[in-house]
Amino acid sequence: MPLTLTDARPVARAEEILTQEALAFIEDLNRRFAPRRSELLGERKARRDTVAATGRLDFLPETASVRAGDWQVAAAPAALRDRRVEITGPASPAKMAINALNSGARVWLADLEDASCPTWPNVVDGILNLRDAAAGTLACTSPEGKEYLLRTDASPAVVITRPRGWHMVERHVLIDGEPAVAALVDFGLHFFHTAKLLLAAGRGPYYYLPKMESHLEARLWNDIFVFAQDYLGVPQGSIRATVLIETIPAAFEMDEILFELRDHASGLNAGRWDYLFSIVKYFRDAGPAFILPDRSSISMTAPFMRAYTELLVKTCHRRGAFAMGGMAAVIPNRREPAVTEEAFRKVRADKVREALDGFDGSWVAHPDLVPVCQEVFDDVLGERPNQLDKARPEVTVTADQLLDIASAAGQVTEAGLRLNLYVAVAYTAAWISGNGAVAIHNLMEDAATAEISRSQVWQQIRNGVTLSDTGRTVTRELVTRILGEETERLRSEVGEEAFNAFYRPAGELIGEICLSPEYTDFLTTPAYELID
């Protein structure tokens, strides 16, 4: 049975993206590579089961020669040599895409993953916007009549597109009656429609690769890149990929991941919130040594987080790859000067630490934060485009240091439990309404923060954690009561119509996965069933 679509026109101009030729490429990608993707997802589960039994991860003995070897990734193209400020955000709607491109950041991470809800209209509109951006024609007019155009006084941000992770499917694209692999749909549509445009401009095609857990998953991406470049007749090595090291097993395979992608690799990124989510997920049943304190109290200066980021910088620079810092989640509020001042202070401190540690650039979530990050990295880099020469030879990181979760300062509190439940419900409600990037209490939340929030709750129930501020034990009954209270609080904040449409089903879903005896690997998997 050939590829079929559930809806061939989810948005205006969809026919420009969902062409017969592009869909044939998507079908070919899935038939060639989807079976390996499924095998690798099975290997994730087997590896996690072993870790659950031993409470242990370590560097792979079978790849010791790769870690010891003297090799480097391909030299960066000119458009990627200076990445001191990267802004993140979804590719749909067009207004947000234009604002990111015009923000003054060197790079825009055009997010088809954690900051985007994968409704079929969002998926197709995002690719359409990225194609128009590559052609230099992206524009839109707001309902109020305001025009949004790409800036002409300076170059827009270089685009690095992030497809969805390996675990997601795209149920609106069917192959033999089964949903296609979402990552292959995202990558395939984007690459097919933009690769030659971006190559002609010397600005791509570039990708961020999320949520990988092993070098074998990186090898799969590399094979996809080789096939795709031959398919379109573009030179091998045209694609460059930056990998988010946002899972705990990937932290033990940084060298190996770069090695597998070495002809296409650009760097690694410290994806801090997903990394914490992965730690909880991986060691959720490994005992009290792996209980994280309240999410808000975990800083990047915690010893286990320092080990992770310093290893990342050292590994990248040894291999000629860029080390990219993490997200500054705090956002300014233009109506509240005090909030904005505090946001600037926190972001500056975070970026100073990263720049001094050797990172080559970092992420922000809001255009107003671009100058803050730019100033910090300007102070450290000066006229240099990066600091690949900062080798960090003094850094030595062991498996024990990466796994020293108990070194995190802070407590598990009822206030933190409440906040986790509030954020998990509020974000999930926004997500199923079609919005993947949400400002909650002056923090930019995406799927990663919702994932760690609900995962901490599950882990605390499983381990019967005692709350330091109330002395209560975290039980199913306590979580049920607090979840009900926080959901009612949201009802009072959003009104009945929005509550019944989105927040009620979100609260029910969070209750189900937090209280279930079985852990749900990804919140977005069951949430995907709640969107159109």
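A residue counts as buried under 20% relative accessible area, as exposed over 50%, and as partly exposed in between. Keep those limits in mind for the tour below. The model is predicted.

Start with strand β7, residues 169-175. This strand is mostly covered, with 5 of its 7 residues buried. Strand β1, residues 4-5, runs antiparallel to β7, and 2 bridges join the two. L5 has V173 of β7 as its bridge partner. Strand β7 also pairs with β8, residues 178-181. Here 4 bridges join the strands, again in an antiparallel arrangement. I175 stands opposite E178 in β8. The hairpin of β7 and β8 has 2 residues between the strands. In this hairpin D176 takes a positive phi near 55 degrees.

Turn next to the rings. A pair of aromatic rings is described by the distance of the centres and the angle of the planes. The whole structure holds 21 aromatic pairs. F25 and F227 form a stacked one, 6.5 Å centre to centre, with 15 degrees between the planes. This pair links distant parts of the chain, 202 residues apart. F25 sits in helix α1 (residues 20-54), and F227 sits in helix α6 (residues 215-232). F25 has a relative accessible area of 0%, so this residue is buried. F227 counts as buried because its relative accessibility is 14%, and the limit is 20%.

A second pair is edge-to-face. F187 and Y207 lie 5.1 Å apart, centre to centre, with 65 degrees between the planes. F187 belongs to helix α5 (residues 182-201) and Y207 to strand β9 (residues 206-209), so the pair ties together parts that are 20 residues apart in sequence. Both F187 and Y207 are buried. Ring pairs also build a cluster, whose members include F25, W166, F187, Y207, W221 and F227.

Some rings have a charged neighbour. R262 lies over the face of F259, 3.9 Å from the ring centre. R295 lies over the face of W273, at 5.6 Å from the ring centre.

Now follow the charges. Side chains of opposite charge can pair when their charged atoms come close. A search of the whole structure finds 54 salt bridges. One of them joins the side chains of R84 and D82, at 2.9 Å from N to O. Are these two residues buried or exposed? R84 counts as buried because its relative accessibility is 3%. D82 is buried too, at 16% relative accessibility.

Another salt bridge joins D357 and R306, at 2.4 Å from N to O. D357 lies in helix α11 (residues 337-357) and R306 in helix α10 (residues 303-318), 51 residues apart. D357 is buried, with a relative accessible area of 9%. R306 has a relative accessible area of 22%, so this residue is partly exposed. D357 and R306 also belong to a network of salt bridges, with E310, D350 and R392 among the other members.

The last stop is R418 and E486. Their side chains meet in a salt bridge of 2.9 Å, N to O. The pair links distant parts of the chain, 68 residues apart. R418 is in helix α14 (residues 414-432), while E486 is in helix α16 (residues 476-494). R418 is partly exposed because its relative accessible area is 23%. E486 has a relative accessible area of 6%, so E486 is buried.

Methods
Residues are numbered from 1 along each chain as its sequence is written. This is a predicted model: local features need pLDDT of at least 70, side-chain atom pairs count only at pLDDT 80 or more; totals for chains, interfaces and linings use all residues. Side-chain values use heavy atoms; hydrogens and water are left out. Buried means under 20% relative accessible area, exposed over 50%, partly exposed in between (1.4 Å probe, protein chains only). Two strands pair if DSSP finds at least two bridges between them. Rings of Phe, Tyr and Trp (its six-membered ring) pair if their centres lie within 6.5 Å; planes under 30 degrees apart count as stacked, over 60 as edge-to-face and the rest as tilted. A charge sits over a ring if NZ of Lys or CZ of Arg is within 6 Å of the ring centre and within 35 degrees of the ring normal. A salt bridge is a side-chain nitrogen of Lys or Arg within 4 Å of a carboxyl oxygen of Asp or Glu.
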